[in-house]
2 protein chains.
Amino acid sequence: MKLYHGDIVYSENRDKLNVFENSYIAIENGTVEGIYSSIPEKFTGAEVIDHGRGLIIPAFSDLHVHASQFIQRGIGMDLLLNDWLNTYTFPQESHFADPEYAEPIYDAYINDMIRNGTFHASIFTTIHRNTVNILYKKLEEKGLWALVGKVNMDFQSPAYLCETTDKSLRETEIFLEEHSSGERVKPILTPRFVPTCSRELLSGLGKLGKKYGVGVQTHVVESLWEAGEARRLFPDCNSDSQIYEKTGLLGNGPSIFAHFIFPTEDDFRVVKDYDCIAVHCPEATTNVIAGIMAVYHQQELGVNITLGSDIGAGVKNGIYRQCAAAVKLSKLKEFYEPEIGKTITISNAFYMATKAPGSVFGKIGAFEPGYLFNALVIDGVEDKNHPMTPEQRLERFCYAGDDRNITARYLAGNKLSCV
Amino acid sequence: MKLYHGDIVYSENRDKLNVFENSYIAIENGTVEGIYSSIPEKFTGAEVIDHGRGLIIPAFSDLHVHASQFIQRGIGMDLLLNDWLNTYTFPQESHFADPEYAEPIYDAYINDMIRNGTFHASIFTTIHRNTVNILYKKLEEKGLWALVGKVNMDFQSPAYLCETTDKSLRETEIFLEEHSSGERVKPILTPRFVPTCSRELLSGLGKLGKKYGVGVQTHVVESLWEAGEARRLFPDCNSDSQIYEKTGLLGNGPSIFAHFIFPTEDDFRVVKDYDCIAVHCPEATTNVIAGIMAVYHQQELGVNITLGSDIGAGVKNGIYRQCAAAVKLSKLKEFYEPEIGKTITISNAFYMATKAPGSVFGKIGAFEPGYLFNALVIDGVEDKNHPMTPEQRLERFCYAGDDRNITARYLAGNKLSCV
């Protein structure tokens, strides 16, 4: 049993931020026992770790990120999507056939992720199973929580990144078999998106999903172009989402839909029927000019929205940055599309960065009893002689902070150091 | 004579970035003598400072910033403009009557500005002349270049920030007289904006501008509300800009118009007639939901656009951040308003952050012969074994860098340390 003292903050739901100033959080076997304003008699003599005025918050989850694109962050950002993919992303991803190329990049990505307080992530890689496994193993070694996918592409893709349907399915099945017993890191099916996946591939992946009980992550209605391609290629489907439903990919595990900017009514139906999770990537969707997700409107319709860095369309780890970016974009959405746009609160964004996505990994992302103590201590955001409330410090950290403000990291109650 | 070695980069104009890899910049009496690919014979024996693969770039200029709001950065960012002003900004600014309150905030602002490579700025303060002078003196002591304004407000303002017209003019005249001989730091007239300034005040300031040969900075067509108020209060004027023209405030020195988001044809006329400078503050105008400036469109019409942090509506020093934000917003502008929106390049944004605004202060913001060597060295943005071009390193610094990447600072050729 250990007690951690500080200003403890977590989201109960998207409308409610729980704040316990100058309090103690009791941790037993890595999980939260309770939060107390003073040390209860029953814990007399327990070790107390004092973080002073530090904010103790749940560690972040990043539900959409391309680890393989970490190396190209912040390059070619003034190009538009197609040019960016063809000039930088696709040629760069092709090098991941080579373990010597992949390993240092995956190392750098994981170290940066930890430094920025992301301990749980749903990760795209490339088509290359041999190097996906390098990332997989490193995540396990660090003790992080992750869903990791080997990417599938067998259609409308550059020759050097295009698999045959057979090979794509075979490699995926081997990948699933190799990782059937993971505790924290688990495989997830990762068809890149409809425009690069044949119907046969998607159906084959759907069968694997059912056989192995594995979910799916992909890009859904991410741009007008992508949504249009989905309708063109699958004229028998009423929506981009229904393509995944019809090919059997949903309901086998978590279904994670990145971007989800241009949903139709049928997309909403599918998301509701299968408890799909939508991932808002505010910086990335600005960079590739996809448009702005109607976060508030979709939440009102019951969509479970989370946040993603979407590196390399996004440029940095640090989901706290995405909290600020989500609020900013919601204001622009309200300005340009008031009928479906409404400014969201920073508390709402923080919920989308912690508790909402944490549920994908277990009792993670909040500090209710029984939740894992995967936590960060945030400090140094106040100016001397100008004390701020915990809510204000959290907001300033999201808007103007960086990894230097993360002064301690805990993973299931164990202190985690970063490189 | 000193030679600095590195990868030297500066903007010639908005379309042209000059890049001299592995070169030497020769500095004599703090100004640029020339750039050479190897050390010329005539400089044999001169001291060489080697920055290796460091990028040597001009220091940044911030043409719109409220130094008095530094203390409130990143707080209340999910409020809308009016609530934000009334809840945070106005009450906070009222404390600047007290030197003990003002001094540490101005210290912190200046230190942070230097840390982030901004050596030239056009700065709003508050109505309080006594503490404006504290900032003024500190900027002089540091050797920075600045235009500093005592803010004027005599109308539609909270009682605790509202001056009488007489006092506002009298205090301003004393302020101008106190600072008639500055070299690097100079006074600038600073009526907050039309909604808080009476016609009598603006006309009085216009007379002072002419008498003392001093320019003006203010907020012009910054939001639909502000533009509407200007037209309501001055029905005899065809535009917000014309109000400043008619009251004699233009043509006396630099005329710096912050935001300039909703100009009419008459605003464009005024800006052209008086060589006014428009300041784009991309992060700030997103935060206070003012809309998006049509940067490319206005440049094509001949408007000289520069960048500003607009702290505290913006949250951070570091005009490199605004370069990235300007590109991002230009993409959203193109998405929502393709008729006047067009994606700008990162080179264009860098020009708006260096050479365009530098001209307000002298031969500053570029490295052509005769320009002052006010420069930064940017390093540590590359990943090991993944060399990037200078252009790519500059872009990544703007998108994903921070003050840790600024490894040296030069002010008129002298090394500047930061706190």
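This is a predicted model: local features need pLDDT of at least 70, side-chain atom pairs count only at pLDDT 80 or more; totals for chains, interfaces and linings use all residues.
1. Every value below is computed from it.

2. **Extent of the interface.** Chain A puts 53 residues in contact with 53 residues of chain B. The two chains bury about 4,300 Å² between them. Of that area, 56% is on carbon and sulfur atoms. On the chain A side, the residues that lose the most area to chain B are A:Asp78, A:Lys331 and A:Tyr336. Together these three account for 16% of what that side buries.

3. How many salt bridges run between chain A and chain B? The count is eight. One to look at in the viewer pairs A:Glu283 with B:Lys328. Their closest N and O atoms are 3.5 Å apart. Polar contacts also cross the interface of chain A and chain B: 27 residue pairs, both partners at pLDDT 80 or more.

4. **Which helices supply the chain A side.** Which element gives the most? It is α11(A), with 10 residues.

5. **Make-up of that side.** Sorted by class, the side of chain A that touches chain B has 26 nonpolar residues. Another 16 are charged and 11 are polar.

6. Over all chains, the count comes to 41 aromatic pairs. One cluster in chain A brings together residues from separate stretches of the numbering: A:Tyr4, A:Tyr10, A:Phe20, A:Phe367, A:Phe373 and A:Tyr410.

7. **Arginines over rings.** Two cases in chain A deserve a look. A:Arg14 has its charged end over the ring of A:Tyr296, 5.8 Å from the ring's centre. A:Arg73 lies over the face of A:Phe70. Here the distance to the ring centre is 4.1 Å.

8. **Cis peptide bonds.** In chain A, a cis peptide bond joins A:Ile311 and A:Gly312, with omega about 0°. A:Gly312 has its place in the loop between β14 (304-307) and α11 of chain A. Chain B has a cis bond too, joining B:Ile311 and B:Gly312, again with omega about 0°. B:Gly312 lies in the loop between β14 (304-307) and α11 (319-336) of chain B.

9. **A positive phi.** Which residue has a positive phi although it is not a glycine? A:Phe260 does, at about 45°. Where is A:Phe260 found? Its position is in the loop between β12 (255-259) and α8 (265-273) of chain A.

Conventions. Residues are numbered from 1 along each chain as its sequence is written. Chains are lettered from A and ligands numbered from 1 in the order in which they are written. Side-chain values use heavy atoms; hydrogens and water are left out. Contact means heavy atoms within 4.5 Å. Buried area is the accessible area (1.4 Å probe) that two parts lose on being put together, summed over both. A salt bridge is a side-chain nitrogen of Lys or Arg within 4 Å of a carboxyl oxygen of Asp or Glu. A polar contact is a pair of N or O atoms within 3.5 Å; within protein, one must be able to donate a hydrogen and the other to accept it, and residues adjacent in sequence count only if both atoms are side-chain atoms. Helices (H or I, at least four residues) and strands (E, at least two) are DSSP runs, numbered from the N terminus. Ala, Val, Leu, Ile, Met, Phe, Trp, Tyr, Cys and Pro count as nonpolar, Asp, Glu, Lys and Arg as charged, and the others, Gly among them, as polar. Rings of Phe, Tyr and Trp (its six-membered ring) pair if their centres lie within 6.5 Å; planes under 30 degrees apart count as stacked, over 60 as edge-to-face and the rest as tilted. A charge sits over a ring if NZ of Lys or CZ of Arg is within 6 Å of the ring centre and within 35 degrees of the ring normal.
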